[in-house]
Amino acid sequence: MAARQRPGFTRIALILVIVLTSISTATFYLLLRANLYTPQKASDSGYFFKSIAVFDGESDKGVVNVRIKNGAIDCMGKDCQPESDDQIIDGAGKSLIPGLADLHIHFYAPSTENSDLSTFRQLFDYIRQRPLVRQNLHNAGVTTVRSVGDITANILKLREQIQNGDLAGSEVFCVGPLFTAPGGHPAGTIYKGNDYLVKNGTRQVSDTAAARTNVATLADMGVNGIKAVYDDIGGRFPKLDQQVLKSIIDEAHSHGLWVTIHTGTADDVQTAVMLGADAIEHGTEERLPDSLISRMVQQQVLYIPTLAVTEVQNVLEKQPGRKTNIARLDSAGVMIGAGTDTQGKMAFGSSLHRELELLVEAGLSPSHALRAATWYAAISLKTDHRKGRLEPGKEADCVLINGKPWVNISDIRKVEGVWQKGVRVK
């Protein structure tokens, strides 16, 4: 005869299960919240930079006083004076520049921040919205990022969490899935075989109606811009039809969205510009015609060469034309943008410092390189009315540097303090 189970045993077992479940849930929640990198409390007092060298995003403004208060630049100049409760920062030997912008990132791309993590810990890191990445960006003086290829729902959530103050991080601007031809890059290349990335990271379109419908849907979701791939990777993969690309650009503009185009050849750049693209990603190693460069100046097209990633991939030295194009474009007055395409052996934040150094090596002056990551970035993101320059009334996104990076670009690595909307984040 089977032994009868005591009534109290079942009750005790149930209580143990509930207790253990509660402990596990609480432990997971605490781990989830630990070192999450959340916003610092805004100071009630202002910050006063006494006798500090200033680069305002366009030019050297000399040694002046700068005061920030209530999230904005309150005054700037020799007559600017502190209030009694301001935190005073001595500017001797230091400089103040606008917050930097990395105009080409994939926020969830593997990088040195998570290269040594197990698969489970990488997933956990992504769930927590990559706190080390967000912190590294801030520590490098990056207060703005432009995501040009991440899973839409994830990057929109991150943007909202930062806007709402749930998480600390650079201000996020993002595109939705990448528009490409059926089987084109990246659907038929780096995403091939990963159904999740293909479905959620691309829109493979072959007709104008589908192109317009998809753009309109993304506009309703709240993306800031649209990115399309117009590159057949040396003739090995399909490329968007020109009329389809034109429909993408026209529909995006009708919703007030900017459009950036991934290109590979000079002809790709030419077509994208002629169809109305606002920005070019990666550019080309092939020589760009003078007539095209003039057109880019006229249309205020932003050119983002992403030199840092080509250097890491050992491509830059083999393609000297990339640097030659940059020097010609800059001399002609084309807006050059600083974007890194950080991935693999690169680290977020420090990769932008390297990008600026490479832009100088390509022929830009240090001041023009800084402009690529400040004022031109703001113009391209349509935020120049509120940021990108250091001047009274604009948001206090600024970086304290030990040195003068507009004289020696490598001084950009000597970051001593960072403010985003007036809140000190480093």
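Predicted model: local features only at pLDDT ≥ 70, side-chain atom pairs only at ≥ 80, totals over all residues.

Visitor: Which cysteine forms a disulfide with C80?

Guide: A disulfide is a covalent bond between the sulfur atoms of two cysteines. The rule here asks for a pair of cysteine sulfur atoms within 2.5 Å. C75 and C80 form such a link, with their sulfur atoms 1.9 Å apart. The angle about the S-S bond is 55°, and the link of C75 and C80 is right-handed. C75 is buried too, at a relative accessible area of 17%.

Visitor: How many disulfides does the rule give?

Guide: The count comes to 1 disulfide.

Visitor: Why is the sulfur of C398 too far for a bond?

Guide: Look for the closest cysteine sulfur. For C398 that sulfur is in C80, and it is 12 Å away, so a bond is out of reach. C398 is buried, with a relative accessible area of 1%.

Visitor: Let me step back. How many helices and strands does the protein chain have?

Guide: Helices and strands are DSSP runs, numbered from the N terminus: helices are H or I with at least four residues, strands are E with at least two. The protein chain has 14 helices and 18 strands.

Visitor: What does the radius of gyration say about the protein chain?

Guide: The radius is taken over C-alpha atoms, and the globule rule is 2.2 Å times the number of residues to the power 0.38. For 426 residues, a compact globule would come near 22 Å; the protein chain has 24 Å, which agrees. Along the principal axes, the C-alpha atoms fill a box of roughly 95 × 65 × 40 Å. Buried residues make up 53% of the 426 residues.

Visitor: How do I read contacts?

Guide: Contact means heavy atoms within 4.5 Å. In the protein chain, take the contacts with a separation of 6 or more: residues 24 or more positions apart account for 68% of them.

Visitor: Which residues is I155 in contact with?

Guide: Leave aside the neighbours within four places in sequence. I155 is then in contact with F107, Y108, S147, D150, V172, C174 and V175. I155 is buried, with a relative accessible area of 1%.

Visitor: Where is G183, and is it buried or partly exposed?

Guide: G183 lies in the loop between β9 and α5. At 27% relative accessibility, G183 counts as partly exposed. Leaving aside neighbours within four places in sequence, G183 is in contact with G188, Q204, F237 and P238. Now try a distance. G183 and Q40 are 143 residues apart along the chain, and their C-alpha atoms are separated by 45 Å.

Visitor: What should I look for in the backbone angles?

Guide: Most residues other than glycine have a negative phi, and most peptide bonds are trans. Now the cases here. The peptide bond from H185 to P186 is cis, with omega near 5°. P186 lies in the loop between β9 (178–180) and α5 (195–201).

Visitor: Which value does phi take in T306?

Guide: Phi of T306 is positive, about 45°, although T306 is not a glycine. T306 is found in the loop between β14 (302–304) and α10 (307–312). At 1% relative accessibility, T306 counts as buried. Phi of K421 is also positive, near 50°. K421 sits in the loop between β17 and β18 (423–424). At 40% relative accessibility, K421 counts as partly exposed.

Notes: Residues numbered from 1 in each chain as written. Heavy atoms only, no water. Buried < 20%, exposed > 50% of the residue type's maximum accessible area, 1.4 Å probe, protein only.
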